[in-house]
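Welcome, and please bring the model up in your viewer. We will go from one selection to the next and look at what is there.

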Amino acid sequence: MTILFAAARRERRCARPQTKTDIRAIQRRVKHGTVIRAYRGLYAETAYWNTLDVHEQVRHIVRALAMQHPDWVFCGPTAAIMHGLDCSYRLAFPICVAARPGGGHRDTADLAHCVVAYPETTTIGHVKVTGLLRTLFDCAAGYPLRYSLGPLDSALRLGLVSKTTLLAYPCSVKYTRHRQAVERAFSLADGRSENGGESEARGVACDCGYPPDDVQPQFPCLDEPGRTHRGDFLWKRKDGTLVVGEFDGTRKYVDPQMTSGRTIREVVDEERRRQQCLERRRAVVLRMYHTDLDNPERVVRQLDALGVSRRHTSPSPTRHTAYSIARRRRPYARSR
């Protein structure tokens, strides 16, 4: 068991027991809680598994599956995670595998077969996945804008693709039922978005008919010359005043990369001073939380109350609704 799990950790994948003796030994450890069943037939030590974020857990599972099924091509959100793109945790499962049309594959809660007639493939660390552009295309075609903007924005932000190449790609895909949704998502992609949460919030605002006029607007600080304040989104009202949108996730208060060593209290105090400075510029600050994204009506009411003009747009249909995705529960990391 020590050798089995050490090899898995070294290769950053889940362990896959081969013999009945190994399986019985692992099942005993699962019962005692020292080992966790991450996926059918795949295991990890509980202490190690809990140090991984959701995306890295998915990568561990995929690397193990790729060893077991070397001919599989992973696609959709699974491929986006393997490419290192921002992707909602709600799309972590099921694992998405490309399938040929008419294959008659059976889907489960853990594994989905996505029909891709001519997948463009690449290899990431011995794992076959759909190419970057095809992955972005499939995410935009199969999921609501809220969930497809994250991978698109991060691909631009990381410099993996240019906006010109992105806009030209949909025309090269011959067969799709959701080309309009793809073209809309690709046109709205913006590499200035700093994280997946901001991308989700912008997607919800766009689907509600309130696309921001700008992303990451900057304002000179009125108290400290040379310093600037930055918002997440910006809406311009008819009277010329501004509404600055802020997406507030918990990460900005606890992630050392975002707090720069400051305490939670120091971060909160800085946020308050920043908001007061913006209000002195006659800008209204609208704070959006992740719970708001599951209730678009609340977002609409807030923007209406602030006098932001609504542009009557309707989201393009996609295979999954935002509601059905919001109801998902992570089926991995099971104790039995």
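Contact here means heavy atoms within 4.5 Å. This is a predicted model, in which local features need pLDDT of at least 70 and side-chain atom pairs count only at pLDDT 80 or more, while totals for chains, interfaces and linings use all residues. Residues are numbered from 1 along each chain as its sequence is written, and side-chain values use heavy atoms, with hydrogens and water left out.

**First stop: two helices.** Select α6 (residues 132–142) and α7 (residues 145–157), whose axes come within 8 Å and cross at roughly 155°. Helices are DSSP runs of H or I with at least four residues, strands are E runs of at least two, and both are numbered from the N terminus. Axes are lines fitted to C-alpha atoms, for helices over the stretch in contact, with angles from 0 to 180 degrees between N-to-C directions. Now show side chains: Leu-136, Cys-139 and Ala-140 of α6 meet Ser-148, Pro-151, Leu-152 and Ala-155 of α7.

**Second stop: a sheet.** Select β7, β10, β11 and β12, which form an open, mixed sheet in that order. Strands pair if DSSP finds at least two bridges between them. At the edges are β7 (214–215) and β12, each pairing on one side only. Strand β10 (residues 233–236) pairs antiparallel with β11 over four bridges; pick Phe-233 to find its bridge partner Gly-245 in β11. Seven bridges join β11 (residues 242–248) to β12 in parallel, with Leu-242 opposite Ala-283.

**Last stop: across the sheet.**
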